[in-house]
Amino acid sequence: MLEPLHWAALFFGFQILLGLPIGMVLISTVVVWSLAAGADASLMAERVIFASVENIIVIAIPLFIFTAKVMDHGGISKRLLDFCLALVGHRPGGLAQVNIVSSIIFSGMSGDATSDASGIGQVLIKMMRDEGRYPPAYAAAVTVASSSIGPIIPPSIPMLVYAFFAEVSIGALFLAGILPGLLMGVAMMMLVAAQARRRGFPVEKRLAGGAMLAATIGAIGPLLMPVILLGGIYSGVFTPTEAAAVAGSYAVLLSVFLYRQSSWGALYCALVESARQSGMVFLLIGGGFALNYVFTVERVTDTITAFILGLEITQLQLLFVVHAAFIAMGMFLTKAPMMYVVVPALLPGLSAAGVDLVHFGVIITLNMMVSMITPPMGLMVFIVGGLAKIPIGPIFRESVPFMITLYAVMILITVFPQLVLWLPELAG
Amino acid sequence: MTGELKTTARNTAVIQRFKALAALMSAAMFAALFLTFVAQVFWRYVLRDPLVWTLEVAGILFVVVSLFTAATQMAVRDHVALDLVVAALPKTVSKLLRSLSLLVFAVVMFLSVPDTVRVLEWMYGERTFALRLNLGHLFVLMIAFVLIYAARAVWEAWMLWRGSETTGGS
């Protein structure tokens, strides 16, 4: 005789394999469990609604989505690009370096990897491909790999979701991501420099002083965004949600009123796209939240916690076991089921084992971001390859050195937690 | 035949108008959500007179805009999915399995409706903290969303089987 949890697990596996969208799978799995257990499915819906209405972290998510959309539509990317070109274009592998630096700066304004890869990333792929200066697959691989910095450097939508499930300070989590994000950028820039020398990639002309000054002045507006955002949060002036609203207002001010590169029509498109993406995220958060309630009732989290505590391994070994499991899952799953189902189920056990949940939030987000470029399911490779019309296989091949570099950073910040926790501890 | 074509064109025009109106409503609600927070920042930091209702309104708007937009403008298959397995199968088998998956989803969602309606009665007695808004109204939207998505899944399964896959808003 099958227990309610078995019915739910069978249903979940069946629907995931048949390609039903993950948000729908999560919600309907909870309904199946409720029907089998004789529980009230609608109580779960009520919990989801209350959790969403009352949790200010969740409300920050649509606001950060909106900020990224406004910047995508508003000509801000072009100014950033000119600035990055002036800054590092003359270095070995010039445009590839520009790609990485622009991702680092863009990360301080936008909360997800897709905006970076599909916005400024596409412009850079085109520039890199023009006149055969870089192999198209290499251009795509740099874009894909550097976009993984987006959710590590604050603001970060995956970290907001993590903070919701882990109940940790979003301010601390945002601060904790800064150093690892910069490390990712520096490590990839060193890799590109080495590849550029070996493969003879071109360098751009160094700009004259006047042109460099003009590019810097042109980018001051967008460059101030992370300063306002992070300065506001860490000086205690804004809550993260208010900071999201301020960032959105600032993006509108720049693109619509100051630069006049975004029409009201483009702003309308940004609103509609933000609403659609919010719909998608809401179903994932709601489904994940409800499923975790089921895990608690069925004592799944207790079983996982007991298993973790019974492993009798050090904290570091435990983190590497989790990393290995996530790398294996990341080969076949997108980050959504890992982020909304697996991470929340693991959190009580990790917490009981004494793992710092802020540290874990950063290292596991980095792990999941690298999984987005890992074959065979690297979602970001499919997105960028599809947009730039570049075959997937060669992009995966060119991504391998970047993947290894990013995993090296992941190992480094796992072994040395201070690289993650130093800034939050400094801020108290 | 001409009459049939005219009817199809008229139906398409009606659907397009509905989609445009729904998109406009989503944009308006999202703008309201954004402006609510802008108002909070302005009143709190400029006027030094914090508003008590902004978080509540923003939270409700987030739920409403998400459910409304998902129900009216996003096909089931517009959401993030993991279709590696079905994509690797022969086309007919893949179509059959995906249709089956959608139908099973629809049945499960329809089965959840009676419970949901029962809780609605209790929800009508609950009010929000700041504005004393009736939570039952919010919950009605949840039921509408469940019904629309279940119906959508049946429709998409049928269209998939007939060979014309749907995308956002159809």
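So, which is Glu242(A), buried or exposed? Glu242(A) is buried, with a relative accessible area of 0%. Bear in mind that this is a predicted model.

Glu242(A) forms a salt bridge with Arg44(B), and the closest N and O atoms are 2.7 Å apart. The pair crosses between chains: Arg44(B) sits in helix α1 of chain B, and Glu242(A) in helix α13, residues 240-258, of chain A. Arg44(B) itself counts as partly exposed, at 32% relative accessibility.

Asp302(A) is partly exposed at 35% relative accessibility, while Arg299(A) counts as exposed at 52%.

Now, on to the aromatics. There are 17 aromatic pairs over all chains. Take Phe66(A) and Phe34(B): the ring centres are 4.8 Å apart and the planes are at 55 degrees, so we call this pair tilted. Phe66(A) belongs to helix α4 of chain A, residues 56-73, and Phe34(B) to helix α1 of chain B, residues 2-46, so this pair joins two chains as well. How about burial? Phe66(A) is buried at 2% relative accessibility, and Phe34(B) is buried too, with a relative accessible area of 9%.

Next, Phe164(A) and Phe165(A). Their ring centres lie 5.2 Å apart with the planes at 65 degrees, so that pair is edge-to-face. Both of these residues are buried. And if you look at Tyr134(A), Tyr138(A), Phe201(A) and Phe402(A), ring pairs link them into a cluster.

We also have charges sitting over rings. The charged end of Arg79(A) is over the ring of Tyr259(A), 3.5 Å from the ring centre. Over in chain B, the charged end of Lys95(B) sits over the Trp161(B) ring, 5.7 Å from its centre.

Last stop, the surface. Leu213(A), Ile217(A), Ile220(A), Leu224(A), Val227(A) and Ile228(A) make a nonpolar surface patch of about 520 Å². Ile220(A) is found in helix α12 of chain A, residues 209-234, and at 42% relative accessibility it counts as partly exposed.

Note on methods: Residues are numbered from 1 along each chain as its sequence is written. Chains are lettered from A and ligands numbered from 1 in the order in which they are written. This is a predicted model: local features need pLDDT of at least 70, side-chain atom pairs count only at pLDDT 80 or more; totals for chains, interfaces and linings use all residues. Side-chain values use heavy atoms; hydrogens and water are left out. Rings of Phe, Tyr and Trp (its six-membered ring) pair if their centres lie within 6.5 Å; planes under 30 degrees apart count as stacked, over 60 as edge-to-face and the rest as tilted. Helices (H or I, at least four residues) and strands (E, at least two) are DSSP runs, numbered from the N terminus. Buried means under 20% relative accessible area, exposed over 50%, partly exposed in between (1.4 Å probe, protein chains only). A charge sits over a ring if NZ of Lys or CZ of Arg is within 6 Å of the ring centre and within 35 degrees of the ring normal. Patches are made of residues with over 30% relative accessible area and no salt bridge: like charges are joined within 9 Å, nonpolar side chains (Val, Leu, Ile, Met, Phe, Trp, Tyr) within 5 Å. Accessible areas come from the Shrake-Rupley method with a 1.4 Å probe; for residues, only the protein chains shown count as cover. A salt bridge is a side-chain nitrogen of Lys or Arg within 4 Å of a carboxyl oxygen of Asp or Glu.
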